[in-house]
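Please look over the structure shown here before reading the report that follows. The sections take up a charged residue, the pockets, the salt bridges and some features of the backbone in turn.

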Amino acid sequence: MSDPTILVQKEGGVWTLTLNRPDSMNSVNFALLLELRKAVEEVQFDPEARCLIVTGAGDRAFCSGADLKERAGMSENDVRRFITTIRTTFTMVENLPVPVIAAVNGVALGGGTELALASDLRIVSERATLGLTETSLAIIPGAGGTQRLPRIVGKAKAKELIFTAQRIDAATALAIGLANKVVPHESLLDEARSLAATIARNGPVAVRVAKNAIDRGFEMDLASGLVFESTCYEITIPTEDRREGLAAFREKRKPEYNGR
């Protein structure tokens, strides 16, 4: 029986999904995509979920992109099916109600960078290399890269990176805003887990609502976004967590949130 292509771990409210094809640089094949979709659905419907970390197995790669050996044997219709599957799966990652942290532990090219882009935050190993390199293969990013990268680094920089198929190091990713933080390779997962734990300590409803307010409001004009923010705020007012937060502040203790 073959090893699972996605390793799943849950500790408290923090999930970790590890792409587990280290011998092929954690490249994405159909089997991995289907397992990833299933695991993401488990996170989506877990009421205790507070944060998700996505990373890659081994020391070399986060995800090197599509499995080109598998791709070589595909018909044109197979390629269309693969692109639709990877795009919708990464959109599922993006649309999770809880924050998603990409712990980029090495090479992240093509679909690897696109998976990181679909995450909310990117903690990057100092050894990492990132890039949307598809034009060097006479194709374009097909899992959201042409849309998400400009929203993070700006349109001109995204065009430069995509048109040239340039690979960038961790320091450059940090400088252009693609990475939130660059850390020593050996402490990457500890840093990601520490960040996830910090998020998990806050009001779960508030964090989910804040993510929705930011993501949806970003696509609106400012006036509409402010109205949407007010609508989102209303969701937090009747919650037990809001009352607990006020009580804990008054009593000078740590709050104990229950997600209600």
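## A charged residue inside the protein

A helix, as the word is used here, is a DSSP run of H or I that is at least four residues long, and helices are numbered from the N terminus. In this predicted model, one such run is helix α2, which covers residues 68-72 and contains R71. R71 is buried but takes part in no salt bridge, and the nearest side chain of opposite charge, that of E70, lies 6.7 Å away.

What does R71 contact, once neighbours within four places in sequence are left aside? Its contacts are A66, V79, F82, I83 and I139.

## The largest pocket

Rolling a probe the size of a water molecule over the atoms shows where empty space is left. In the largest pocket, this space comes to about 690 Å³. The pocket is lined by 23 residues, and those closest to its centre are E94, S119, D120, I214 and D215.

Helix α9 gives the largest share, with 6 residues. Sorted by class, the lining of the largest pocket holds 10 nonpolar, 4 polar and 9 charged residues.

## The second largest pocket

The second largest pocket holds about 460 Å³ of space. Its lining is made up of 26 residues, and S64, G65, A66, L68 and L137 are the ones that lie nearest its centre. A66 is also one of the contacts of R71 described above.

Which helices each supply at least two residues of this lining? They are α2, α3 (76-94) and α4, and α2 is the helix in which R71 lies. By class, the lining of the second largest pocket divides into 11 nonpolar, 9 polar and 6 charged residues.

## Salt bridges

Side chains of opposite charge can pair when their charged atoms come close. In this model the count comes to 12 salt bridges. One of them joins the side chains of K211 and D120, with 2.9 Å from N to O. This pair links distant parts of the chain, as K211 sits in helix α9 and D120 in the loop between α4 and β7, 91 residues apart. K211 is buried, with a relative accessible area of 9%, whereas D120 is partly exposed at 23%. D120 is also among the residues closest to the centre of the largest pocket.

Another salt bridge joins R260 and E240, whose side chains meet at 3.6 Å, N to O. R260 lies in the segment after α11 and E240 in helix α11, so this pair ties together parts that are 20 residues apart in sequence. R260 counts as exposed, at 52% relative accessibility, while E240 counts as partly exposed, at 36%. The side chains of R253 and E251 also meet in a salt bridge, at 2.6 Å from N to O. Here R253 is partly exposed, with 34% relative accessibility, and E251 is likewise partly exposed, with 45%. Elsewhere, salt bridges that share partners join K10, D46 and E48 into one network.

## Two residues with positive phi

Most residues other than glycine have a negative phi, and most peptide bonds are trans. Against that background, A138 has a positive phi near 65° without being a glycine. A138 lies in the loop between β8 (129-131) and α5, and it is exposed, with a relative accessible area of 72%.

K252 is also not a glycine and has a positive phi of about 55°. K252 belongs to the segment after α11 (240-251). Is K252 buried or exposed? With a relative accessible area of 79%, K252 is exposed.

## A buried alanine in a loop

A49 lies in the loop between α1 (30-44) and β3 (51-56). Although it is part of a loop, A49 counts as buried, with a relative accessibility of 1%. Not counting residues up to four places away in sequence, A49 touches G13, W15, V43, V98 and R208. By contrast, A49 and I162 are 35 Å apart in space, C-alpha to C-alpha, and 113 residues apart in sequence.

How values were computed. Residues numbered from 1 in each chain as written. Predicted model: local features only at pLDDT ≥ 70, side-chain atom pairs only at ≥ 80, totals over all residues. Heavy atoms only, no water. Buried < 20%, exposed > 50% of the residue type's maximum accessible area, 1.4 Å probe, protein only. Lys, Arg positive; Asp, Glu negative; His and termini not counted. Salt bridge = Lys/Arg side-chain N within 4 Å of Asp/Glu carboxyl O. Contact = heavy atoms within 4.5 Å. 1 Å grid on protein atoms, 1.4 Å probe; cavity = no way out; pocket = protein on both sides within 12 Å on 5 of 7 lines; lining within 4 Å. Points joined across faces, edges and corners; volume = space filled by probe spheres on them. Nonpolar A, V, L, I, M, F, W, Y, C, P; charged D, E, K, R; others polar.
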